Amino acid sequence: MVVMLPEVGATRWTVGSNMGWSPNFNYTIWAKDKHFYNGDWLFFVYDRNQQNVLEVNSTDYESCNSDHPLHNWTTGAGRDVVPLNVTRKYYFISGKGFCFSGMKLAVHVENPPPPPVASPVNSGSPPTYHARIIIPAVFTIGAVWDAFLRFW
């Protein structure tokens, strides 16, 4: 017996999609139609010799000030993963002047929506037994067709 359960899991967002974390790209437009949920991850891919990933406050985000980051997510590999594990607004910039060429991203992280509610069972109608009839019928038709093809 197979039981279908709704898929629940975090999303790993590659920042900038195929452009990665690079100058001259509008990350505001990239993030505009996306929903970031508590438990998701941001994956920054960039040139490790030039850029970095800094989490800053809203004031430093607006002014591209990288002097006092809240967190430096740069690991040195140019492939950095940032967990979004608190429901709040996150602000990221690249220092070394790259923020001024567009390397800044603000995302609002929210709680995931509740799972869909199952429809109530209508107690006024008799139970249906379609599965008890259809599944054996499918196997029977398949067996008859197989026998037909062997003898034909």
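Predicted model: local features only at pLDDT ≥ 70, side-chain atom pairs only at ≥ 80, totals over all residues.

Modeller: Let's start with W30 and F36, which are both buried. Their ring centres lie 6.1 Å apart and the planes meet at 45 degrees, so this pair counts as tilted. Next come Y61 and Y91, another tilted aromatic pair, with 5.2 Å from centre to centre and 50 degrees between the planes. This pair ties together distant parts of the chain: Y61 belongs to helix α2 (residues 58-63) and Y91 to strand β7, 30 residues apart. Y61 and Y91 are buried too. In all, the structure has eight aromatic pairs.

Now for a group of rings: W21, F25, Y27, F44, Y90 and F92 make up one aromatic cluster. Some of these names come back in the largest nonpolar core, which has 21 residues; W21, F44 and F92 are among those with the most contacts inside it. Among the elements giving two or more residues to that core are β3 (40-45) and β7 (89-93). There's a second, separate core of seven residues, and Y61 is one of them.

Take F44 by itself: setting aside neighbours within four places in sequence, its contacts include W21, F92, V53, V82 and L105. F92, for its part, stands in β7 opposite E55. Strand β4 (residues 54-55) pairs with β7 in the antiparallel sense, over two bridges. Finally, look at F43, where the charged end of R12 sits over the ring, 4.4 Å from its centre.

Terms used. Residues numbered from 1 in each chain as written. Heavy atoms only, no water. Core = buried A, V, L, I, M, F, W, Y, C linked by side-chain atoms within 4.5 Å. Buried < 20%, exposed > 50% of the residue type's maximum accessible area, 1.4 Å probe, protein only. Helix = DSSP H or I, 4+ residues; strand = E, 2+ residues; numbered from the N terminus. Contact = heavy atoms within 4.5 Å. Pairing = 2+ DSSP bridges. Phe/Tyr/Trp six-rings, centres within 6.5 Å; stacked < 30°, edge-to-face > 60°. Lys NZ or Arg CZ within 6 Å of the ring centre and 35° of its normal.
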